[in-house]
Each structure stands twice: as C-alpha cells, then as structure tokens.
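Reader: I'd like to go over the pockets in this model. Can you take me through them?

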Amino acid sequence: MKVNNIDGNNSSKNYRTIWMEGTCVFMIEQNLLPFEFKIYKSENYKQTCHAIKTMIVRGAGAIGAAAGFAMAQASTEASDNEYIRGIQIAKTEIEATRPTARNLFTATERVFNAALISKAKAVNEAQNIADEDAQNSLLIGEYGNELIKNGFRIETHCNAGWLAFVDYGTALSPIYLAHKQGKEVFIYVDETRPRNQGAKLTAWELQNENIPYAIIADNAGAHLMSKGKIDMIITGADRIAANGDVANKIGTLEKAIAAKYYNIPFYVAAPKSTFDLDCRTGDEIIIEERDEDEILYQIGLNENHKTEKILISAPNSKAINPAFDVTPADLITGIFTERGIIKPKKQEINKIFNIE
Ligand code: MRU
C-alpha cells in the first residue's frame, strides 16, 4: 500500500511489506517505523530467521510470508549431497523463531513439501503464499466493509494492517475499503503496550491513507465503550483454534470482555492460513513469552530526532511479558475471512475448509 513522503519529498510510492527477488528477501524494517523508512535485505535463510525473531518483520501474515521465503532460501542454499537433511534443519530453525503465529507453520510446511520436489518449486510456492496473502486480505476487506456504516467509530488493537501482512492487512483492510468508498470512519487505535504496534504502526498506516484516528491508552477502551463512543471493534488474529478461540496480541481479551459487557460487536479478521484445526481449543495454543526489556524500556524519538531506548520502570525491576492472549469464541461476534463472515463455531469453521 501507499507510503507517503519517502526521503522527505512529497511523493508517495506503493510497497508490499515483504518480497523476494532472486535469492534475497526484502522487507520494510518495522522496528524503525514510524521514525525511519528503510528496507532490510536478507541474503540467506538465517538472516530471514533473524528478521522474524527480532521483529524487523512481524504480524501473522508477514511472518508467514517471511517463513515461506526463508524456507525457499534454505532450499536454494542446501548442498545437493545433504539436501533433505539441510532443509529439515532449516525448517526446525525457522519454526523456532516465533511460536504463536500459525501462518509461519502453514508456510514452512507448504514450501518444505515443494522443496522436496525441486528448488524452483520451493521458490514458486513461497511466492504463491505471499500473493495469496495479499489477495485474501483484499477479500477480507470486502466482506468486512459490508458491515461498516457511514460514521462508524471503530476500535482496533495492535497492528493488523498491511504491515502485518503482505499487503492490505486484515483488521484494517475493511476500513481502507470503507474510506475509499467515501464512508466516514474514525479509528480508535489502542497503543498496544509493550511494543506499541498500534501507536507506531497502525497510526503510521492510517496517516498514509489520510484516515482520521486517535491513539488511546490501552486502558481507555472500556471507558470509551461505556460512553457509547465505539460502534465496532476489529482485531486481527495470530492463531485460531478449531472451536473459534482466538489468540491475538496481549490485551485483546480485555477488549472483548468489555465489548461483551457493553454489547458492542467484536470482530476478528483473519485468513484461513491463521486457523489451526489441530488445536482443539485456545488452551492448546502456545503463548510466546518475550524479553522483559520490552516492558521495562521504551524506544522513541528524542528531541534531537534520534531514536533512543530509555528505562521507564523502577531500576532492577523484573517484568513478565506474554505477547499474546486467547479470547474465547463466545466473546467474538464473527470472523471476517476470505470465504465470508463466519461465526466462531466449529461447524462454520469446518465449512470454509470444506470439511463435512
Ligand atoms: O507480535 P506481533 O507484532 O507479530 O503481533 C502480531 C500482531 O500483529 C497482532 O497480534 C495482530 O493483531 C495479529 S494480525 C497480524
């Protein structure tokens, strides 16, 4: 999607979040946004693993595309005499980067199977995964947009926009389409501590598209709901269990509980590649624990326009940093998918997978 003001001039340019050319993978360096726009180049699968782990690339779909590309790089790098062993080791390594996002595992599995046939097939399959991700995000947007009325005030959590996918995004895709069609929308952007993907990335995306928004503290959502200021909530998902329980960025559960109390529709937007039918319920989803520094420190722009990491907690404190939580299906009004809007129920989920 559109990036404005590149290199300080007024032009805008369209980008995908991540792409592969030859054997190199290119991605927008998300740790630097919104302060600096830079492309990170990964020359081999280990560098792509590093990019996933350190969140240069992040968000369910973008992680999936990165994992697919990493698997393709591993296949091109593997020596002919130890080919199968080489790609198996790489698969294990890629899958250890971030445990919660289902798309990562969907992608490694698909590209690994293609790599068993040939290196060229592996690269082709990785490109297909990226293209499908973009197409599915667009379809999700079209379905979700049908429910957005003129004047809607929508709350979103974390970043499930185009930066979290290859293009368009999931939770933000319906909003982009609504805006394009001339509907007036206003977005409440949860800052999304500890890494502030809302305040940094979602706000940056909405700014690029000229969509009106305000960043709110994570703990302001229930208050705004109680005052009748929110018409709808849309979030993304990192993994959806077979019964419709949804793992998403930490803090999503609180929003869903408050939304239920105040009778506000709570929607999740996710492609089929985020569903994990082997996970019976949300209890089986592995929740990633991240470094405590993400809570104890913050990274921002100082008055000299340099990014700086500062301590914001009592020195020598310990912190606990679960990156995701699980929202039970009965708190979710519906799920926007590329196959339509479904209820978070086993039968409806099975239907989009053509399971009787
Ligand atoms: O830790 P992140 O930034 O990779 O978190 C994933 C997310 O972007 C969110 O949980 C999002 O809402 C899921 S949809 C990409």
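This is a predicted model: local features need pLDDT of at least 70, side-chain atom pairs count only at pLDDT 80 or more; totals for chains, interfaces and linings use all residues.

Reader: How much space lies in the largest pocket?

Author: About 360 Å³. A pocket is an open set of points on a 1 Å grid over the protein atoms alone, where a 1.4 Å probe fits, with protein on both sides within 12 Å along at least five of seven lines. The volume is the space filled by probe spheres set on the points, which are joined across faces, edges and corners.

Reader: Which residues lie nearest its centre?

Author: N31, R195, K200, E294 and I299, out of 17 lining residues; lining means having an atom within 4 Å of a point.

Reader: And where does the largest pocket lie relative to the domains?

Author: Between domain 1 (2–136) and domain 2 (143–352), because both give residues to its lining. The domain bounds come from an automatic or database assignment.

Reader: Switching over, what volume has the second largest pocket?

Author: About 230 Å³. Its lining has 15 residues, with T106, R110, E132, N136 and S273 closest to the centre.

Reader: Where does that one lie?

Author: The second largest pocket also lies between domain 1 and domain 2, since both contribute to its lining.

Technical notes
Residues are numbered from 1 along each chain as its sequence is written. Side-chain values use heavy atoms; hydrogens and water are left out.
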